[in-house]
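This report describes the ligand site, the nonpolar cores and several individual residues of one protein model. The sequence and the structure are shown first.

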Amino acid sequence: MRDQTQAKQDSSRGWNPNQYLRFSDHRLRPAIELLARIPLESPKLIFDLGCGTGNVTRIIAQRWHSAQVYGLDNSTEMLQKAQQQAGTIHCIEADIENWTPDEAPDLIFSNAALHWVERHQDLFPRLAKFVSPGGCLAVQMPLSWDATSHLLMRATLADGGAGGRPLGTETLRQSVARRWVGDADFYYDLLADDARSVDIWETEYLHELEGKDPILEWVKGTGLRPILNGLADDEREVFLAKYRCRLREAYPVRANGCTLYPFRRLFIVAML
Ligand SMILES: C[S@@+](CC[C@H](N)C(=O)[O-])C[C@H]1O[C@@H](n2cnc3c(N)ncnc32)[C@H](O)[C@@H]1O
């Protein structure tokens, strides 16, 4: 039990805003594409769940400048960064799992955050019920569980130690093996009964990344954090050396020096 609590804490702590923002232009594009599909004219109350550094929250506030816009996150580090240039947005430190709004929001928005929260079968209907009639729940989540980069993460945990032995604890390996996002039809079934319409789609981006080991640097800012936080110092170095080699082999540098990173994402716009 203690192990499970520890694994959960490891996945929620240690967000590094600067590491995350290294690929901010690539990470921003899905958020903009999600925003473009929200057909609300003038929502009055908006929450951005898992707002991180507030980059997207500020764009939301620019689009609907008369709305009250709140960015909510449970990472002190990310919120500190968000508050450095908060502008008109308000920041709240809270956990999405326990959050209940005082008033019904017209828009609940979440970009690249809800995959960190478990039990989507409860979470999505609960969030949809919070939204005011005529309002919208808009979510984007990565479909990276079976991406080569993430398969290699888990494979390296399983056999990266001396003599092909596993690294880390059984609990850590189990916690990173959790399939964090379901299929599109799973979310459709969760939302369709209460919604007036549910628009769901997937996009695979082909990110053209520059620099040395860019995919390793990308995942260090997000999906690799629970592993790096969960391993002891000596094991972390062993893990990183092996994982880096495997990534280099799986994603070769192109003739022009760039590395291509295919990345699928799921988008949901439910009108309530
Ligand atoms: C990948 S970042 C995305 C940040 C922002 N939405 C963006 O698009 O730039 C994920 C964010 O979700 C937050 N997060 C993860 N689990 C959370 C939870 N249970 N409650 C609140 N925030 C959470 C993390 O702290 C992190 O800032």
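## Nonpolar cores

A nonpolar core is a set of buried Ala, Val, Leu, Ile, Met, Phe, Trp, Tyr and Cys residues joined through side-chain atoms within 4.5 Å. Buried means under 20% relative accessible area, exposed over 50%, and partly exposed in between, with a 1.4 Å probe and protein chains only. The model is predicted, so that local features need pLDDT of at least 70 and side-chain atom pairs count only at pLDDT 80 or more, while totals for chains, interfaces and linings use all residues. Residues are numbered from 1 along each chain as its sequence is written, and side-chain values use heavy atoms, with hydrogens and water left out.

The largest nonpolar core comprises 30 residues, and those with the most contacts inside it are L114, F124, L137, M141, L191 and I268. Two or more residues each are given to this core by β1 (45-49), α6 (120-130), β5 (136-142), α9 (184-191) and β7 (259-271); helices (H or I, at least four residues) and strands (E, at least two) are DSSP runs, numbered from the N terminus. The greatest contribution is that of α6, with five residues. Apart from neighbours within four places in sequence, I268 is in contact (heavy atoms within 4.5 Å) with L34, F124, L137, A138, V139, M141, Y187, L191, V198, D199 and I200. A second, separate core has 23 residues, including L152, L157, V176 and I215.

## Ligand site

The ligand is surrounded by 18 residues, of which G50, D73, D95, I96 and N111 are the closest; a residue is counted if one of its heavy atoms lies within 4 Å of the ligand. By class, this shell holds 11 nonpolar, five polar and two charged residues. Here Ala, Val, Leu, Ile, Met, Phe, Trp, Tyr, Cys and Pro count as nonpolar, Asp, Glu, Lys and Arg as charged, and the others, Gly among them, as polar.

A polar backbone atom of G50 is 2.7 Å from a ligand nitrogen atom. For D95, a polar side-chain atom lies 2.9 Å from a nitrogen atom of the ligand, and for I96 a backbone N or O atom lies 2.9 Å from a nitrogen atom of the ligand. Taken alone, the ligand exposes 600 Å², and the protein buries 96% of that; accessible areas come from the Shrake-Rupley method with a 1.4 Å probe.

## Loop residues

W15 is placed in the loop between α1 (2-12) and α2 (17-21). Because its relative accessibility is 13%, W15 counts as buried. The C-alpha atoms of W15 and E77 are separated by 6.6 Å, although these residues are 62 residues apart along the chain.

Most residues other than glycine have a negative phi. A112, which is not a glycine, has a positive phi of about 55°, and R119 likewise has a positive phi, near 55°. A112 lies in the loop between β4 (107-111) and α6, and R119 is placed in the loop between β4 and α6. A112 is buried because its relative accessible area is 18%, whereas R119, at 45%, counts as partly exposed.

## Helix α7

S149 lies in helix α7 (residues 148-159) and counts as buried because its relative accessibility is 0%. Leaving aside neighbours within four places in sequence, S149 contacts I215, Y243, L247, Y251 and Y261.

D159 is also found in helix α7 and is partly exposed, with a relative accessible area of 28%.

Conventions: Polar contact = N/O pair within 3.5 Å; in protein donor to acceptor, adjacent residues only side chain to side chain.
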